[in-house]
Amino acid sequence: MAGLVPPGTTTIPADASKAAHTKAEEKTDYMNLPCPIPFEELHREALMSLKPETFEGLRFDFTKGLNQKFSLSHSVFMGPTELPSQSAETIKIPTAHYEFGANFIDPNLMLIGRMLTDGRLNARVKWDLTDNLSVKANAQLTNEPHMSHGMVNFDYKGKDYRSQLQIGNGSLFGASYIQSVTPHLSLAGEIFWTGQHLKSGIGYAARYETDKMVAAGQVASTGMVALSYVQKVSEKVSLASDFMYNYMIGDVTASVGYDYILRQCRLRGKIDSNGCTAAYLEERLNMGLNFILSAEIDHKKKDYKFGFGLTVG
Amino acid sequence: MSFFGQGKKRGFGASDDDMGIITRLSHAVSDSPITNATKRAANDAAYVTKKLLNSTGKAAWFAGTTFLILVVPLIIEMDREQQLNELELQQQNLLGSPPAK
């Protein structure tokens, strides 16, 4: 990161040595830039505050470790699920399912499988072939025809860049590349092509990160412009704001949120320009026992979703 | 008397010549342009006040429920954190001050 201080400066007077030290810090070593974060995690800090996983109903998760590497999980969910509908009315159907899952976690290999009682199967694989190359795959299989999909990613991590190739079913191809340009700034580009809908697009992104803040921006040829800014106010509190604009459709959304990480709990809240506010609270009742409360109020659509849950292990 | 009865039977819209003195006086007060203007102004004021109350009510509902969802859990959790900190400080003072024997 900082270049080396030239030798032989030990006998210079105080203020001159301070000036030399700051000058050495400013002179960045462009051969030793840090490795950037993966492209899909560009807006990671902002999404953590602004898109908490709110749910409606009861959620219960139990994870039991059988081994150091192997664990089983049982999960129950009861509550209304929203059906995607064209009209402004939200249609909710009460559903309940039990999900059984198995995880195998190794330093190089991670396998996660989940089976639900409504006939769906989720599987995820992450395999680090070498230090630099890793393969990720995920699949979702259902009973309904034409609703199953799968995707494979090949990631190559270089010294100060990352590149990714993505292949999905329904002939979806995507590639992305992110490069560190200075110790704080990294630039990225991506292209994708779908065979099913015959769409292709190209996008650019930039991310500027310091200890106290992260600013990221992304533009895509599908008409999406997304900007986000996260300020870390203290080690417990961070505030985030986000602006999304689709210049083809003319749809604008801005949102502001906070993320408080306290010792006993983690509280996230956000408010939107669409009149939607959400809050998500995870409270640690005991060792390994977490109590979750989730609330989402949409004033425009008059849709109110409240959920509670318990996570064990 | 029949003179008054005649005026009253004719009802509204009767011309001034056929009405009695009292009806003429009351019509002079109630049909004058000043009372009409006052009535219109009162109607407008009532309409505007109703709309204002309505939107204030809606804004109060919006602000109230948003405050309840976003701010109340935050206050509760920060209070608990503060209590925990005070407890820890107390325990530290209790355990930290007596010298080791």
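Let's start at a loop: M248(A) sits between β14 (237-246) and β15 (251-261) of chain A. Keep in mind that this is a predicted model. Is M248(A) buried or exposed? With a relative accessible area of 56%, M248(A) counts as exposed, because the cut-off for that label is over 50%. M248(A) belongs to a nonpolar surface patch along with V219(A), L227(A), F243(A), Y245(A), Y247(A), I249(A) and V252(A).

Now zoom out to the whole of chain A. Its 313 residues carry two helices and 19 strands, and its C-alpha atoms fill a box of roughly 75 × 50 × 45 Å along the principal axes. Buried residues account for 32% of the chain. If you take the contacts in chain A between residues at least 6 apart in sequence, 29% of them link residues at least 24 apart. The accessible surface of chain A is about 18900 Å², with 62% of that coming from carbon and sulfur atoms.

Chain B has another make-up: four helices and zero strands. Of its 101 residues, 13% are buried. Chain B exposes about 8700 Å², and carbon and sulfur atoms supply 65% of that area.

The helix to look at is α3 of chain B, residues 33-70. How far apart are its end C-alpha atoms? They are 55 Å apart, which agrees with the 56 Å that 38 residues should span at 1.5 Å a residue. The buried residues of this helix are T65(B), T66(B), I69(B) and L70(B). Their spacing brings a general point to mind: an α-helix has 3.6 residues a turn, so residues three or four places apart point the same way. And what covers these buried residues of α3(B)? The cover includes β15, β16 (265-272), β17 (276-286), β18 (289-298) and β19 (303-312) of chain A, plus α4 (72-96) of chain B.

That brings us to the largest nonpolar core, a set of 13 residues in which Y258(A), Y260(A), L267(A), I69(B) and L74(B) have the most contacts. The elements giving two or more residues to this core are β15, β16, β17 and β18 of chain A and α3 of chain B.

Note on methods
Residues are numbered from 1 along each chain as its sequence is written. Chains are lettered from A and ligands numbered from 1 in the order in which they are written. This is a predicted model: local features need pLDDT of at least 70, side-chain atom pairs count only at pLDDT 80 or more; totals for chains, interfaces and linings use all residues. Side-chain values use heavy atoms; hydrogens and water are left out. Buried means under 20% relative accessible area, exposed over 50%, partly exposed in between (1.4 Å probe, protein chains only). Accessible areas come from the Shrake-Rupley method with a 1.4 Å probe; for residues, only the protein chains shown count as cover. Patches are made of residues with over 30% relative accessible area and no salt bridge: like charges are joined within 9 Å, nonpolar side chains (Val, Leu, Ile, Met, Phe, Trp, Tyr) within 5 Å. A salt bridge is a side-chain nitrogen of Lys or Arg within 4 Å of a carboxyl oxygen of Asp or Glu. The expected span of a helix is 1.5 Å times one less than its number of residues. Contact means heavy atoms within 4.5 Å. A nonpolar core is a set of buried Ala, Val, Leu, Ile, Met, Phe, Trp, Tyr and Cys residues joined through side-chain atoms within 4.5 Å.
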